[in-house]
Structures are given as C-alpha cells and as structure tokens.
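Here are some notes to read beside the sequence and the model. Please keep both in view while going through the points.

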Amino acid sequence: MTTRLRLATSTAVAALVIGGAHLVGAGAAYADGPQPSVPPGTEPSAAAPVPIDSRAPGLKIPQGGTLAPVKVLDIAEVVEDLGGEQRRQETNQNVMMALQSEVLFPENSAVFNAQAAARIQAIAQEINTQKATRIRVFGFTDDQGSYEHGQELSKQRADAVQAELAKTVTNPGVTYDVRGYSEDYPIADNSTEEGRKKNRRVEITFPRGAAGTAG
C-alpha cells in the first residue's frame, strides 16, 4: 500500500562537502576536489526555460509591471511505502531510492542484516535496466550522538551499500559517488523517534534511461 505525493522542488541548494569518495567500477577511490557536493534532489535538473519577451502583447502585463525572475522547477513524484521503510522519488531525469537504515543494518552498525542484500539487489537490477553509469550513494544519520560518529557511521553504511550494488550492477564504466553526511539534510523532525527513524537512511540516486551516460 503506498501513498503518492507530487511535489515541486526548486533549484539548487548549496551544501558543504562532508566526506566521501568517487569510485570507478570496482577500482580504487580518489579524493574529492575542492568543489562542494550536494545530496540527491537538491541540484537542478530541469531544462532551461524558453526566453520570454516581456514586451509581448499576449502577456497582458499591467502598465508599469515587470516580470519576476524566471525559475526552473522540477516536478518530483514521491512514492513511500506505508511504514516509510523505502521511499522512491522521481524527477524528469533522476530516480532516488531511500532506504531506512533499520531495514539494512542493526542499530549503530554498518554490517548488513539478512534482508539487506535482496533490497539492494532489486535496486541494482533497475539501475541495469536504466543503463545508468553514474550512481550516488549517500548515507545520513539522525542527530543523536556526536556529529563525528554520525559522519563515520553514515559513510560506512554508504560504502557497504555501494559494495553490494557493485556485485549486481553490470553496466560498463559505472562511476560511484559515495558520501556520508551525518545528521545534515534531515527529511523529518529529529525531536521524535518517528522523525529520527526517517532521517537514518541511505539514498541511492541514478539517472533515468538515456540520461544515464550524461556527465
């Protein structure tokens, strides 16, 4: 049983680099460059708008009126299972799958439970179907404990998910971007256990269809 929400998300939100690495196939990781990174869904993906002539008579702007600055909006469709254990968000270019940490790991651990591999393999099969070659795996925690511990744990969990994906993803030349963001970028209220449970998650993002080969 699912609930469907249609959201309009605005364009880019700047974020700090927390920790992570890029992986090409099963090769070695290399360090991030000086440019900041952002978690999935915060960067613009919609195409640039068509030019608008503010003097066009069809606009019917009142005398003395001006057009507001043009904004590019992505339309995102979000599907979440009833317990919130898995959430799927799609835009016109990307698919993001968020799995709550409890369905993958024991508490305060980065070692998979018995059900984790099957969930991740199902996502890997979709990545193969979409022929995606650029995959982002980002880990997040709640605000309990120290920020540094959350950063380490979220990165370890993201690394574990990436390693499991790599066993099933068969597309050639796949690049992984793996990061741990600790308590940054919560999606729910950390003042309740229900909210903290949603914030403890791993997000897997990949382009849709032909966009999978885009840089």
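1. The model is predicted, so to speak of local features a pLDDT of at least 70 is needed, side-chain atom pairs count only at pLDDT 80 or more, and totals for chains, interfaces and linings use all residues. Residues are numbered from 1 along each chain as its sequence is written, and side-chain values use heavy atoms, with hydrogens and water left out.

2. Helices (H or I, at least four residues) and strands (E, at least two) are DSSP runs, numbered from the N terminus.

3. Which residues of α1 are buried? They are Ala 116, Ile 120, Ile 123, Ala 124, Ile 127, Asn 128 and Gln 130. They lie on the same side of α1, because their arc around the axis is only 160°, taken from the directions from the helix axis to the C-beta atoms. Buried means under 20% relative accessible area, exposed over 50%, partly exposed in between (1.4 Å probe, protein chains only).

4. The face turned away from the buried side carries Ala 118 and Thr 129, which are exposed. Gln 125, also placed in α1, is partly exposed because its relative accessibility is 47%.

5. The buried residues of α1 pack against β6 (94-100), β7 (134-140), α2 (147-168) and β9 (201-207). Leu 165 is in contact (heavy atoms within 4.5 Å) with residues including Ile 120, Ile 123, Ala 124 and Ile 127, leaving aside neighbours within four places in sequence.
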